[in-house]
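Hi everyone, thanks for coming.

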Amino acid sequence: MKNALAWRYATQKYDPAKKISAENLQEILEAINSAPTSYGLQPFKLIHVQSPELRSRLRAASFDQSPVTDASDLIVFTVNRQVADEHINAYMQRIAEVREIERERLNRFEQNIVGVLSTLSPEQLIAWNTKQAYIGLGFGLVMAAHLGIDSTPMEGFQKEKYDEILGLTDDHAVLALTFGYRSEEDHTQHHKKVRKTLEQLVTVK
């Protein structure tokens, strides 16, 4: 895994002729789905954008960044603009189903979540939901590297334009993640990775 993480970088230019397999994409999506989130609520969704026409429009809303159209796959992370009671209730029902317990046993847990989220403004809630999406993004990046697949995390795009293009109303686009295989013409692949030393990063007290 250490070698895989050293190998990966934010790919700037993809080979559009090279596609990742459905099995590998499934593994990446499952990794994202396995990511921890606060309360386990997963207040985000993924849109796998396959339409060339939509990807072309999204590229225009991404300051013409080529990975949006040239990578094998494009995933857009969206977050809930609000976490309504029905969202939380659906999550409680899912817990009860998976763990085979009575729904009533989760009432206190449900009340705790509702109580905490009710204190957040709409802006704070979107920010909180976005933090959860970033955890999923990280899991996707690591799994892609493990599989030898290139990736590019992106937040530099016009989010309201993404919402319009993808027909989003209840949700809001916050992140994009592309997967595929680097082009031989992508010179950034030869750049040495620059990070802090562990001594600079970690303080022991």
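Let's begin with helix H8 and what lies over it. The buried residues of H8 are covered by elements including strand E1 (44-49), helix H3 (52-60), helix H4 (67-70), E2 and E4, where contact means heavy atoms within 4.5 Å. Helices here are DSSP runs of H or I with at least four residues, strands are E runs of at least two, and both are numbered from the N terminus.

A word on the source: this is a predicted model, so local features need pLDDT of at least 70 and side-chain atom pairs pLDDT 80 or more, while totals for chains, interfaces and linings use all residues. Residues are numbered from 1 along each chain as its sequence is written, and side-chain values use heavy atoms, leaving out hydrogens and water.

Which residues of H8 (residues 159-166) are buried? They are Tyr162, Asp163, Ile165 and Leu166, with buried meaning under 20% relative accessible area (1.4 Å probe, protein chains only). After H8 comes Gly167, with a positive phi near 70°.

Now the cores. A nonpolar core is a set of buried Ala, Val, Leu, Ile, Met, Phe, Trp, Tyr and Cys residues joined through side-chain atoms within 4.5 Å. The largest one has 17 residues, and Phe77, Ala133 and Phe179 touch the most other members. Helix H2 (22-33), strand E2 (73-80), helix H7 (122-146) and strand E4 (171-180) each give two or more residues to this core. Another core, of 14 residues, lies apart from it and includes Val76, Leu166, Leu168 and Ala173.

Definitions and conventions. Buried means under 20% relative accessible area, exposed over 50%, partly exposed in between (1.4 Å probe, protein chains only).
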